[in-house]
Amino acid sequence: AKEAGRGQVCFYSDEQTRASRERLEIEARLRLALERQELKVVYQPQIDLKTGELVGAEALLRWFDPQQGAISPAHFIPIAEQSGLILRLGHWVLEQVCEQGLRWQQQGYAPLTLAVNLSPYQVRHGKVLAMVQEVLASTGYPAQFLELELTESALMRQEDEAETLLDELKALGVSLALDDFGTGYSSLAYLKTFPIDVLKIDKSFVDDLESNQDDREIAATIVAMGHTLGLKVLAEGVETEEQFEWLRSLGCDYFQGYLKSPAVSAEEFVRFLQPKRDE
Ligand code: C2E
Ligand code: CA
Ligand code: CA
Ligand code: CA
């Protein structure tokens, strides 16, 4: 048994070495990818549940590695966070999105809100206010059409600091969405005081809406609570007509999900855009 035990320890430490070596390797490749422009921002439409109209798009990062093909952000964002590379990456994403949004507006499309994810690391260490301010100024993108998505975990650390930061971001004119809502530990108190505009119901509550009474009640509660606080509520990861119908019957405002479209390239996204109406 001792032998086996020792063997196992050995096995684990090999695994750990391999994992950290892999992490370093991915990090190095990610740095190069950023320089070589192998990263791309894709856009997923956000739709008004009542009217079916496009209300916005969430910008999502993609990495196309020449050897490995597409690498999921779920895989490389955590690595970018550990190394601090997320700060450069986050700046790059925001810049791409603002430039793209401006281009669409200049091409005569009706302006829409573009949502950008901010990682907890960026929020805590990133001088995020200065970063957003700088990119808005350098690109000339109107702040009213930028939404920043934050998670509860990014905000939980120091509540008063978080509140100040959110107030300052709001003062720039952007809107704020609370991402993955319901999965972190939600304090109702901070929901009341934080200047949030949109709650995003996490996909995990949407997946089984057809079959799971608990999930339906959770979704209903989030919608009701959001509306009480004057917020819009968006459901993520909507894949089926049934989920769509449930969300509509609950009075949820917006959705995004494969039912409408996965995230697509900026070129492809043009098919969702509407010409600007003349006033
Ligand atoms: P998230 O912010 O919760 O983004 C939603 C994820 O759900 C995206 O995965 C999206 O492609 C996926 N999704 C949307 N609709 C559906 C659906 O109907 N079914 C299914 N199965 N999935 C759906 P993605 O693009 O792989 O991103 C994963 C996570 O990586 C994001 O989760 C976000 O936390 C992070 N991420 C992505 N881009 C960025 C970025 O630019 N900056 C930061 N900081 N994080 C990012
Ligand atoms: Ca998000
Ligand atoms: Ca989310
Ligand atoms: Ca998520």
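A residue counts as buried if its relative accessible area is under 20%, as exposed if over 50%, and as partly exposed in between, with a 1.4 Å probe and protein chains only. By this definition Tyr43, at 2% relative accessibility, is buried.

The structure is a predicted model, in which local features need pLDDT of at least 70 and side-chain atom pairs count only at pLDDT 80 or more, while totals for chains, interfaces and linings use all residues. Residues are numbered from 1 along each chain as its sequence is written, chains are lettered from A and ligands numbered from 1 in the order in which they are written, and side-chain values use heavy atoms, without hydrogens and water.

**Aromatic pairs**

Aromatic rings of Phe, Tyr and Trp (its six-membered ring) pair if their centres lie within 6.5 Å; planes under 30 degrees apart are stacked, over 60 edge-to-face, and the rest tilted. The whole structure holds six aromatic pairs. In one of them, the ring centres of Tyr43 and Trp104 are 5.3 Å apart and the planes stand at 70°, so the pair is edge-to-face. Tyr43 belongs to strand S1 (residues 39-48) and Trp104 to helix H3, 61 residues apart. Helices (H or I, at least four residues) and strands (E, at least two) are DSSP runs, numbered from the N terminus. Trp104 is buried at 2% relative accessibility. Ring pairs also join Tyr43, Trp104, Phe269 and Phe272 into a cluster.

A further edge-to-face pair is formed by Trp63 and Phe76, with 5.5 Å from centre to centre and 85° between the planes. Trp63 is in strand S2 and Phe76 in helix H2, so this pair ties together parts 13 residues apart in sequence. Trp63 is buried at 1%, and Phe76 is buried at 0%.

**Calcium sites**

Metal donors are N, O and S atoms within 2.8 Å of the metal (3.2 Å for Na, K and Ca); water is not among the atoms, so sites may look incomplete.

| Ion | Protein donors | Distance |
|---|---|---|
| calcium ion (ligand 2) | Glu58 (OE), Asn117 (OD1), Glu149 (OE), Asp179 (OD) | 2.2 to 2.3 Å |
| calcium ion (ligand 3) | Asp179 (OD), Asp180 (OD), Glu236 (OE), Glu236 (OE) | 2.3 to 2.5 Å |

Asp179 bridges the two ions, the calcium ion (ligand 2) and the calcium ion (ligand 3), which lie 3.8 Å apart. Along the chain, the donors of the calcium ion (ligand 2) are spaced E-x58-N-x31-E-x29-D, and those of the calcium ion (ligand 3) follow D-D-x55-E. Glu58 is buried, with a relative accessible area of 5%, whereas Asn117 is partly exposed at 28%. Asp179 and Glu236 are both buried.

**Pockets**

A pocket is an open set of points on a 1 Å grid over the protein atoms alone, where a 1.4 Å probe fits and protein lies on both sides within 12 Å along at least five of seven lines; lining residues have an atom within 4 Å of a point. A volume is the space filled by probe spheres set on the points. The largest pocket has about 1000 Å³ of space. Its lining has 41 residues, and Glu58, Leu60, Pro73, Asn117 and Asp179 lie nearest the centre. The second largest pocket has a volume of about 410 Å³. This second pocket is lined by 16 residues, with Glu53, Leu54, Ala110, Gln274 and Arg277 nearest its centre.
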